[in-house]
Amino acid sequence: MDIKKLSKFLSLILRHKPETIGIKLDKNGWANVSEILRGMKIDMATLEKVVVENDKQRFSFSEDKTKIRANQGHSVKVDVELTEKIPPEILYHGTIEKNLKSIFAQGLLKMNRLHVHLSADIETAKKVASRRSGTTVIFEVAARQMYNDGYKFFQSENGVWLTDKVPPKYLTNTN
Ligand code: HQG
């Protein structure tokens, strides 16, 4: 059983297209584990492996393990009850050069997802950027300054920093 492949399929179901296996998420992003097992044609031990071994801890079970959801990264409109937090001075965002001009003009936008995703360190931002082909660009985001100016920040269960948008004046290209 290819755990990584299953993890990608589970991300698709829990973040973007639950209809792929004919299920619905509730308003907090939860899917029934029984429906996931049936839809993905796997057993509970395999699903637990997908959750536990996931490199970024993308998924959480409910306490009684009858429900499962993705911790962040959704495009479907669900409320995963994110914790609002005071951000550090600086957060990072990794992207590619072709987006540079547009980002300097409009700021960072959430595009297809529910939030702009930011990383706590440069290494993680580099990894995010290198998912795409092209020259990578790392932005420093003046997160604490944004917070002081009234912008809200959230941290997902698995440590990803999220916000609504980042206007250009808070961005510095580190390259
Ligand atoms: C770019 C993965 C032009 C933005 C990662 C990015 C992350 C703009 C792309 C998580 C723009 C959106 C999210 C603007 C933003 N003009 N381009 N104004 N504003 N962009 O995938 O941050 O592995 O939605 O720079 O690790 O790349 O799936 O966001 O390149 O945590 O768990 O538009 O996804 O997590 O792409 O990645 P995405 P992202 P997982």
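Helices (H or I, at least four residues) and strands (E, at least two) are DSSP runs, numbered from the N terminus. Residues are numbered from 1 along each chain as its sequence is written, and side-chain values use heavy atoms, with hydrogens and water left out. Because the model is predicted, local features need pLDDT of at least 70 and side-chain atom pairs count only at pLDDT 80 or more, while totals for chains, interfaces and linings use all residues.

**Overall form**

- The C-alpha trace spans about 50 × 35 × 25 Å along its principal axes.
- Contact means heavy atoms within 4.5 Å; of the contacts between residues at least 6 apart in sequence, 71% join residues at least 24 apart.

**Surface and charge**

- Of the 175 residues, 44% count as buried, a term that means under 20% relative accessible area, with exposed over 50% and partly exposed in between (1.4 Å probe, protein chains only).
- The chain exposes about 10100 Å², of which carbon and sulfur atoms supply 49%; the areas come from the Shrake-Rupley method with a 1.4 Å probe.
- There are 29 positive and 21 negative side chains, and the centres of the two sets lie 6 Å apart.
- In this count Lys and Arg are positive and Asp and Glu negative, while His and the chain ends are not counted; each charge is placed at NZ of Lys, CZ of Arg, CG of Asp or CD of Glu.

**Gln 72**

- Gln 72 belongs to the loop between strand E3 (67–70) and strand E4 (83–84), and its relative accessible area of 6% makes it buried.
- Its side chain makes a polar contact with the side chain of Asn 158 at 3.0 Å (a pair of N or O atoms within 3.5 Å; within protein, one must be able to donate a hydrogen and the other to accept it, and residues adjacent in sequence count only if both atoms are side-chain atoms).
- Leaving aside residues up to four places away in sequence, Gln 72 also touches others, including Arg 15, Arg 58 and His 117.

**Positive phi angles**

- Most residues other than glycine have a negative phi.
- Glu 81, in the loop between E3 and E4, has a phi near 55 degrees and is partly exposed at 46% relative accessible area.
- Met 111 has a phi of about 50 degrees; it lies in the loop between helix H4 (100–106) and strand E6 (116–118) and is exposed, at 69%.
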